[in-house]
Amino acid sequence: MSKQKTVYVCQECGTESPKWIGRCPSCNNWNTYVEEIKVTGQGSSRLSIIPDKSVSKPIPFDQVETINFSRISTEIKEFDRILGGGIVPGSFILLGGEPGIGKSTLALQLALATEKKILYVSGEESTGQLKLRAERLNKSNPNCLVYNETNLEEIINQIKNQVPVIVVVDSIQTVYTSMIESAPGSVSQVRECASRLLMISKDMSIPIIIIGHITKDGTLAGPKVLEHIVDTVIQFEGDQHLDLRILRTLKNRFGPVPELAIFEMGQEGLVEILNPSAYFIQSGEQNLSGVAIACTVDGYRPMLIESQALVSNAVYGTPQRSATGFDIRRLNMLLAVLEKKAGLNISNKDVFLNIAGGIKIQDTAADLAVMAAIVSSRTDQAIDQKTCCCAEISLTGELRPVIRIEQRMAEAAKIGFNKMVISAYHKKIPAFDGLEIKKAGNLNEALKFIFRNQ
Ligand code: TYD
Ligand code: MG
């Protein structure tokens with residue numbers, strides 16, 4: 001017998017409470033509890049991620065058989081790469097991101113750029129709209145089935161009937177099951193539908209990609225509640241006003257994290273950027289002051305990124321400091337170190353910093369390049385275009401070593417740089433053909449090398 005009960009569910013984190021409370025004790029958010037009717041007992045499902053039901057007692061670890069699976073590759077190589085080399089059969093993937101960032105575009109491109117049988121479940125757009133988008137993408141796959149449905153039970157029936165190679169559900173917030181009475185998109189619905197899809201994915205060994213919206217203010221039931229259920233979480237990031245899109249794996253049970261892939265949103269959908277370093281270095285062949293190249297790493301990916309600075313006389317009483325793609329507090333810290341340790345007079349100057357290409361740098365290895373760009377603009381001396389910088393700066397003006405120096409050096413050599421300034425505190429440095437390494441212990445030594453080639 002099934003019975004109904006009313007519970008209050010936090011729409012942020014999914015915590016349940018028998019009565020309404022103003023502040024969630026789990027995530028500390030205010031006014032997030034919403035009344036939901038839950039059907040329990042017969043018919044309700046339990047989350048099970050154990051595909052092999054025969055394992056009913058504990059067994060010694062060395063008797064556990066190794067699973068041999070071959071990954072399913074898509075035509076989008078960068079997507080395969082960040083998943084660890086293709087989609088693992090039976091994996092459950094969450095593709096998250098803000099509305100309008102390009103999740104549906106990516107999923108449709110995945111579905112159409114192959115000959116495999118794909119079931120594309122769309123609860124957000126009609127088949128006609130999808131067709132229009134497909135025409136824009138200029139791709140077609142006769143084996144891609146589009147299915148306009150939001151009822152979970154119907155979707156599961158079709159997965160069983162069609163047995164596709166990959167299923168895409170766009171989006172999990174539109175799917176609902178009649179077993180729960182709350183509205184589609186509520187935490188209970190999202191969680192229940194995802195767990196049932198997970199079971200079918202494991203049972204039939206079919207990978208399912210579910211798309212989930214994340215809103216900045218978190219009013220919609222966030223896919224955050226799903227993160228522990230799914231095997232892989234991929235996040236799509238970017239600024240809607242720029243073309244650059246970053247796809248990042250935040251969790252992956254079948255591959256390394258964090259990995260990232262870079263795409264550009266164009267007229268014909270998303271284009272993979274296979275050589276991000278070339279994409280981010282924009283200054284071309286001209287020798288311009290205020291430009292320095294940083295050798296950064298994001299995830300496991302080394303990238304050479306151009307930082308541009310403009311130092312000018314302050315127009316108003318208080319000098320302005322502004323940064324795009326870089327943490328403003330870190331910029332202020334670097335400016336203070338420049339003033340104090342390198343004697344650069346910038347306290348009455350406006351400083352503007354821009355990281356080219358619209359990317360945001362988190363890596364502290366970009367410190368030296370940012371400082372070099374500021375010095376270059378302040379003194380109006382251009383930096384040699386074949387020199388790149390890679391070091392973190394401490395408050396004392398020392399150059400700190402950075403992680404994955406080998407990968408960074410390999411990338412710099414590959415792109416054609418012939419000089420790289422790094423910290424003197426790196427213990428073991430490999431040699432790369434054509435790349436001269438200059439080790440500096442502090443900022444002044446580094447700047448001397450960068451500007452006077454000493
Ligand atoms: P969409 O995939 O609908 O976003 P999401 O599913 O994450 O909400 O992305 C739509 C945006 O991408 C929209 O603003 C239009 C733009 N776009 C292009 O610039 N070029 C294209 O070829 C396509 C299909 C979309
Ligand atoms: Mg969409």
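This is a predicted model: local features need pLDDT of at least 70, side-chain atom pairs count only at pLDDT 80 or more; totals for chains, interfaces and linings use all residues.
1. Ser 122. This residue belongs to strand β5, which covers residues 118-122. Ser 122 has a relative accessible area of 1% and is therefore buried. Leaving aside residues up to four places away in sequence, Ser 122 is in contact with Leu 130, Tyr 147, Asn 148, Glu 149 and Asp 170.

2. Domains. The domain assignment divides the chain into domain 1 (3-40), domain 2 (71-274) and domain 3 (279-450). Between the centres of domain 1 and domain 2, taken over C-alpha atoms, the separation is 27 Å.

3. Second largest pocket, position. This pocket has a volume of about 460 Å³. Its lining comprises 22 residues, and those closest to the pocket centre are Glu 237, Gly 238, Asp 239, Gly 358 and Lys 360. Domain 2 (71-274) and domain 3 (279-450) each give at least three residues to the lining.

4. Second largest pocket, make-up. Strands β9 (232-238), β10 (244-252) and β16 (349-355) each contribute at least two lining residues. The largest share, 4 residues, is that of β9. By class, the lining of this pocket has 8 nonpolar, 8 polar and 6 charged residues.

5. Cavities. How many cavities of 30 Å³ or more does a search of the whole structure find? The search finds 2. The second largest cavity holds about 30 Å³ of space.

6. Lining of the second largest cavity. The residues around this cavity are Arg 71, Leu 83, Gly 86, Ile 87, Val 88, Ser 91, Ile 93, Thr 232, Asn 252 and Phe 254. They divide into 5 nonpolar, 4 polar and 1 charged. Arg 71 is the charged one, because Asp, Glu, Lys and Arg are the residues counted as charged.

Technical notes. Residues are numbered from 1 along each chain as its sequence is written. Chains are lettered from A and ligands numbered from 1 in the order in which they are written. Side-chain values use heavy atoms; hydrogens and water are left out. Domain bounds come from an automatic or database domain assignment. On a 1 Å grid over the protein atoms alone, a cavity is a set of points where a 1.4 Å probe fits but cannot get out, and a pocket is an open set with protein on both sides within 12 Å along at least five of seven lines; lining residues have an atom within 4 Å of a point. Grid points are joined across faces, edges and corners, and a volume is the space filled by probe spheres set on the points. Buried means under 20% relative accessible area, exposed over 50%, partly exposed in between (1.4 Å probe, protein chains only). Contact means heavy atoms within 4.5 Å.
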